[in-house]
Amino acid sequence: MSLLGSIVGKILHPFGGGTAEAAPSATAGSGGPATSSTPSAPGSSGGSEPVDVAAVLTGLAEKNPQTLDWRHSIVDLMKLLGLDSGLASRKQLADELHYTGDKDDSASMNIWLHKQVMQKLAENGGKVPDDLKH
């Protein structure tokens with residue numbers, strides 16, 4: 001499974017109740033069980049209402065012993081979801097999302113990745129606050 005598929009699956013389908021077509025080769029659904037059940041994720045069971053991405057991630061962050069700034073950091077977002085957030089994984093995610101910038105400029109790449117992931121979540125049925133998409 002792709003990293004993007006894992007991210008989308010863990011947020012939009014935390015109970016494995018569906019697949020997300022985040023990219024042509026990225027599907028999600030077997031990303032593992034969620035670490036918490038978040039009642040504010042109405043679309044997670046296959047309903048037509050969008051999943052409130054901020055509510056899901058805030059709920060996970062409240063239960064996490066680390067202080068993670070998922071709203072601004074792709075590294076913290078990946079950590080919050082239990083994914084490898086190392087540089088190699090972020091470069092892999094950049095490849096999946098067709099990043100054309102310099103992958104050795106990790107600060108610029110990380111900012112771009114965070115915006116793209118939030119955009120993909122919105123495209124795949126997530127309700128993402130406007131300030132996280134820009």
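Because the model is predicted, local features are given only at pLDDT of at least 70 and side-chain atom pairs only at pLDDT 80 or more, while totals for chains, interfaces and linings use all residues. Residues are numbered from 1 along each chain as its sequence is written, and side-chain values use heavy atoms, with hydrogens and water left out.

The protein has six helices and two strands, taken as DSSP runs (H or I, at least four residues, for helices; E, at least two, for strands) and numbered from the N terminus. Their order from the N terminus on is α-β-α-α-α-α-β-α. Of the 134 residues, 44% count as buried, meaning under 20% relative accessible area with a 1.4 Å probe, protein chains only. Among contacts (heavy atoms within 4.5 Å) with a separation of 6 or more, residues 24 or more positions apart account for 47%.

Buried in α5 are Met109, Asn110, Leu113, His114, Val117, Met118, Lys120 and Leu121. These residues cover an arc of only 165 degrees around the axis, so they lie on the same side of α5; the arc is that of the directions from the helix axis to the C-beta atoms. Their cover includes α1, α2 (53-63), α3 (74-80), α4, β2 (126-127) and α6 (130-133). After α5 comes Gly125, with a positive phi near 105 degrees.

Helix α4 buries Ser89, Arg90, Leu93 and Ala94. Their arc around the axis is only 145 degrees, which puts them on the same side of α4. The buried residues of α4 pack against α1, α3 and α5. His98, which follows α4, has a positive phi near 60 degrees.

How do α1 and α4 meet, and at what angle? Helix α1 (residues 3-12) packs with α4 (residues 87-96) at about 95 degrees, with the axes 8 Å apart. Axes are lines fitted to C-alpha atoms, for helices over the stretch in contact, and angles run from 0 to 180 degrees between N-to-C directions. The angle therefore makes α1 roughly perpendicular to α4, a label for 65 to 115 degrees. Here Leu3, Leu4 and Ile7 of α1 meet Ser89, Gln92, Leu93 and Glu96 of α4.

Notes. Parallel < 35°, antiparallel > 145°, perpendicular 65-115°, else oblique. Buried < 20%, exposed > 50% of the residue type's maximum accessible area, 1.4 Å probe, protein only.
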